[in-house]
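Here are my notes for you to read alongside the model. Have the viewer open and click on each residue as it comes up.

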Amino acid sequence: STNIRIVGFVFIGLSLFIILLSVLWIFVRRKERIVTASQPQFLYLLCLGAALQAVSLIFWSFDESYGWTDSQLDKACAAFPWFFVIGYLVQYCAIFSKVSETSKFFQSSQAL
């Protein structure tokens, strides 16, 4: 229904707004010790992955009643998993890289 669709768009917009605030916060505080230790590139990748996942939900929210053709709906339906999975993979790979680097650091410090 239209009400559920509007609520969904509000949540998507809220998610994107929070992601944008997070990116701005990281950028403004990029020289501080806590952000530097957290590696801003890693934090930016997490935000990018979350944004891709949030945007993917937009493609899922249309049907024929909104004037979309079957061809457009097919493309939107195909775009949804691509955006969602790529967003998930960006986040997962960023976390995996961070854990891998942290593991290497602790292994090298134990060898000394």
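1. Is Ser56 buried or exposed? Ser56 counts as buried, at 0% relative accessibility (buried means under 20% relative accessible area, exposed over 50%, partly exposed in between, with a 1.4 Å probe and protein chains only). You'll find Ser56 in helix α3 (helices are DSSP runs of H or I, at least four residues, numbered from the N terminus). Leaving aside neighbours within four places in sequence, Ser56 is in contact with Phe80, Phe83 and Phe84, where contact means heavy atoms within 4.5 Å.

2. A quick word on what you're looking at. This is a predicted model, in which local features need pLDDT of at least 70 and side-chain atom pairs count only at pLDDT 80 or more, while totals for chains, interfaces and linings use all residues. Residues are numbered from 1 along each chain as its sequence is written, and side-chain values use heavy atoms, with hydrogens and water left out.

3. Now hop over to one of those partners, Phe80. Phe80 sits in helix α4 and is buried, with a relative accessible area of 16%. Setting aside neighbours within four places in sequence, Phe80 is in contact with Ser56, Leu57, Phe59 and Trp60.

4. Next, the helix pair α1 and α3. Two packed helices are described by the angle between their axes and the distance between the axes. For α1 and α3 the angle is about 165 degrees and the axes are 10 Å apart; axes here are lines fitted to C-alpha atoms, for helices over the stretch in contact, and angles run from 0 to 180 degrees between N-to-C directions. The two helices are therefore roughly antiparallel (that takes an angle over 145 degrees; under 35 counts as roughly parallel, 65 to 115 as roughly perpendicular and the rest as oblique).

5. Who meets whom between these two helices? On the α1 side the residues include Phe9, Ile12, Leu16 and Ile19, and on the α3 side they include Leu43, Tyr44, Cys47 and Ala51. By class, the contact of α1 with α3 has 17 nonpolar, 2 polar and no charged residues. For that tally, Ala, Val, Leu, Ile, Met, Phe, Trp, Tyr, Cys and Pro count as nonpolar, Asp, Glu, Lys and Arg as charged, and the others, Gly among them, as polar.

6. Which residues make up the largest nonpolar core? There are 8 of them: Ile19, Ile26, Val35, Phe42, Leu43, Cys47, Ala51 and Ala94. A nonpolar core is a set of buried Ala, Val, Leu, Ile, Met, Phe, Trp, Tyr and Cys residues joined through side-chain atoms within 4.5 Å. α1 (2-28) and α3 (40-59) each supply at least two residues of this core, and the largest share, 4 residues, comes from α3.

7. Compare Ala94 and Ile95. Beyond its neighbours within four places in sequence, Ala94 is in contact with Phe42, Leu45 and Leu46. Ile95, by the same rule, is in contact with Phe42 and Leu46. Ile95 belongs to helix α4 (residues 70-111) and is partly exposed, with a relative accessible area of 43%.

8. Most residues other than glycine have a negative phi. Gln39 is in the loop between α2 (33-38) and α3, and is partly exposed at 38% relative accessible area.

9. Last stop, Gln110 in helix α4. Gln110 counts as exposed, at 67% relative accessibility. Its C-alpha is 61 Å from that of Glu64, 46 residues away along the chain.
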